[in-house]
Amino acid sequence: MYARTIEIVDTTLRDGEQSPGTVFSAQDKLNIATALDRAGVTWIEAGVPIMGEEEQEAMKMILSAGLKAKIIAWNRALKNDILSSVSCGFSHLHISVPVSDFHIEQKLKKSREWVLENLRKSISLAQSFGCTVSVGAEDASRGDREYFLEIADMAAELGAVRIRYADTVGCLNPLAVHSIFQELIPRCPLPIEVHMHNDFGLANANTLVALAAGAELASTTVGGIGERAGNAALEEVVTAWQVVYGMKCHVNRNDFLHLSHLVMQAGSKEVFDYKPIIGNAFTADNTNKIA
Amino acid sequence: MWVDQTLQEGLRRSSSRENLIRVLQLLESLPVRVIDSKVTDWEKCDLPRINTSLKKRIRGRINGTVEEVELAYKLGFEKIIVDCQPQLGQGIVSQVCSALFAAQMRQMNIGICIENASQFSIDEIAFLWRDIPIDRIETLAYGDKDSLLDPLKTSQIMILLKQKIPVPLEFHGHNAYGLATANSLAAYQVGVKHIATAVAGLGLNGHAALEELMMARKRLLGEGMMDTSQLALICSQILSMLELTVPKAKAIIGQDIFSHESGIHVDGVVKNPLLYEAFSPEEVGLVRRLVVGKHSGTASIHAKFRNWNIHLSQEEGNTLLKQVRKLAVEQKKQVDDLVLFDLYQSIKSSVPQRNSSCSS
């Protein structure tokens with residue numbers, strides 16, 4: 001069978017740091033970015049420059065570290081977000097808009113048309129500085145599939161490089177993901193990156209099922225850290241994609257323990273013994289000891 | 001429907017007898033119909049003889065020998081499941097057959113678990129099934145010992161297997177690659193109603209997490225409106241009996257899964273919690289908290305002070321936000337409420353001071 005290769009867009013430094021009470025210092029961020037780069041991660045979502053000077057300082061350190069990975073700034077579709085990212089020196093911008101009517105109406109208190117128009121302006125603004133743009137579709141799992149495709153069509157026309165499908169509250173299940181992506185993949189003009197949350201413990205599985213159906217990139221965090229119950233874990237997605245699915249991803253699995261120590265130490269977190277791949281109960285020595 | 005593996009992990013971890021008895025009691029508050037325990041471990045930990053109230057719920061796991069069947073009988077087990085790991089092309093070995101005959105003689109309720117079932121094709125499993133030498137088997141448990149399955153494959157296998165096997169199927173997944181809950185849910189969705197689970201996914205190579213499956217069934221599949229308002233509490237009590245702590249970010253039961261910090265999320269949650277929550281914290285017995293820190297926006301600051309009945313001006317909000325972000329980065333953690341309030345008081349007191357120095 002043809003072994004497809006997928007890429008990782010790691011967001012430990014952005015969504016991972018958004019897990020409550022977590023702060024990485026600028027040096028932590030640089031160390032983590034460097035370790036991700038060494039492990040072979042090709043895209044690193046480094047942070048949100050509009051958050052302020054402290055964040056911008058960290059971003060500049062990462063950007064000037066000469067990493068092979070492409071470094072991405074996360075933005076809302078707002079002029080000031082984009083200008084902050086550009087002035088840090090980013091050339092890869094992720095611009096996120098909510099795409100469910102629920103989010104558009106209740107959070108933004110706007111319309112679908114407004115979101116489209118605002119996104120169009122934001123993409124053009126970012127491109128006017130020579131930036132490469134990827135588009136994020138927040139809360140896509142609770143939104144209308146046709147509207148997601150409308151966003152994707154417009155983004156493709158403007159020259160965006162991919163679209164992120166976000167299961168913002170983690171409400172998908174694997175069999176549902178399979179049928180959704182069977183439909184979306186042939187109709188979407190852009191490569192799809194999947195960003196799944198772990199509210200029901202299904203983030204890793206939902207990510208893999210979407211990849212198997214044709215999504216090309218997975219958004220992950222080390223140890224699955226992130227908002228609420230977190231995100232799909234880098235080490236689980238890569239290992240399962242290689243071992244269970246027999247497919248390819250050029251990230252070195254030998255680096256996972258080191259990456260996990262680095263991130264957990266920087267974020268003052270502990271790894272649960274029963275966390276797959278990196279938990280004590282799963283590292284070979286300990287399994288033998290307990291058994 | 002859920003077949004518990006938590007107690008067995010407690011036995012494997014050599015938890016104390018008292019703690020294990022407490023785990024058994026706590027499991028009564030959870031919807032587990034069957035609790036598995038290796039009969040040899042049950043004896044080793046000196047757990048009590050199986051009384052009538054336990055008989056219906058406890059199932060003894062037998063490692064395929066007559067001696068263990070006799071031990072199970074002696075300890076009072078009525079339900080047993082015989083574990084086996086057949087080799088390709090060899091069928092059920094004679095030792096396991098003898099154990100099955102012995103259990104039949106003792107008129108036990110007998111299940112059989114093919115622990116390495118996912119290594120075989122459907123036809124090979126059907127062949128193994130025909131090889132079983134006794135008639136009265138109540139359950140066939142399909143084990144994925146090496147975590148080889150993914151959700152889609154699981155659903156396809158279970159659909160086919162149901163057509164070949166005339167007794168209720170049970171799915172026993174493992175979690176080496178983080179897919180146990182997903183595989184088990186997929187099996188459940190295609191009609192396999194008996195699923196091995198453990199609280200927080202405990203176990204050798206992990207299991208599907210009971211709390212995740214319970215809430216996935218309730219919320220994602222819309223089945224059953226059972227009361228789950230004690231779920232986080234019971235699970236954390238069970239883990240503490242095993243000298244473990246529920247991770248703060250553990251799906252469904254972690255203390256922090258309803259703590260919101262980032263500006264965009266807090267802004268949403270203040271408008272409508274469902275914008276950023278899949279279900280409400282009360283549903284599992286947790287609480288929502290707004291955390292103020294590096295990722296906060298002005299909405300977080302204003303929401304905090306609104307709760308304290310203090311109206312902040314736009315300018316005060318912006319000043320506080322800057323200070324909060326700076327402090328959070330310096331101390332590498334969130335800014336606690338008391339500290340936030342101190343910051344507010346120091347802005348308040350610094351304003352008149354500046355005025356007075358101007359006037360003098």
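Two residues are in contact if their C-beta atoms, placed from the backbone, lie within 7 Å.

**Entry one: ground rules.** I am working with a predicted model, where local features need pLDDT of at least 70, side-chain atom pairs count only at pLDDT 80 or more, and totals for chains, interfaces and linings use all residues. Residues are numbered from 1 along each chain as its sequence is written, while chains are lettered from A and ligands numbered from 1 in the order in which they are written.

**Entry two: chain B.** I looked up contacts in chain B between residues at least 6 apart in sequence, and 67% of them join residues at least 24 apart. Then I checked the extent: the C-alpha trace of chain B spans about 100 × 40 × 35 Å along its principal axes.

Which residues have the most contacts inside the largest nonpolar core? I found A:Ile44, B:Val82 and B:Ile195, in a core of 202 residues. My note on the term: a nonpolar core is a set of buried Ala, Val, Leu, Ile, Met, Phe, Trp, Tyr and Cys residues joined through C-beta atoms within 7 Å. Buried means 20 or more other C-beta atoms within 10 Å of a residue's own, exposed means 12 or fewer, and partly exposed is in between.

Is A:Leu108 buried or partly exposed? I noted A:Leu108 as partly exposed, because 16 other C-beta atoms lie within 10 Å. Leaving out residues up to four places away in sequence, A:Leu108 touches A:Pro98 and A:His103. I also checked A:Ala215, 107 residues from A:Leu108 along the chain: their C-alpha atoms are 28 Å apart.
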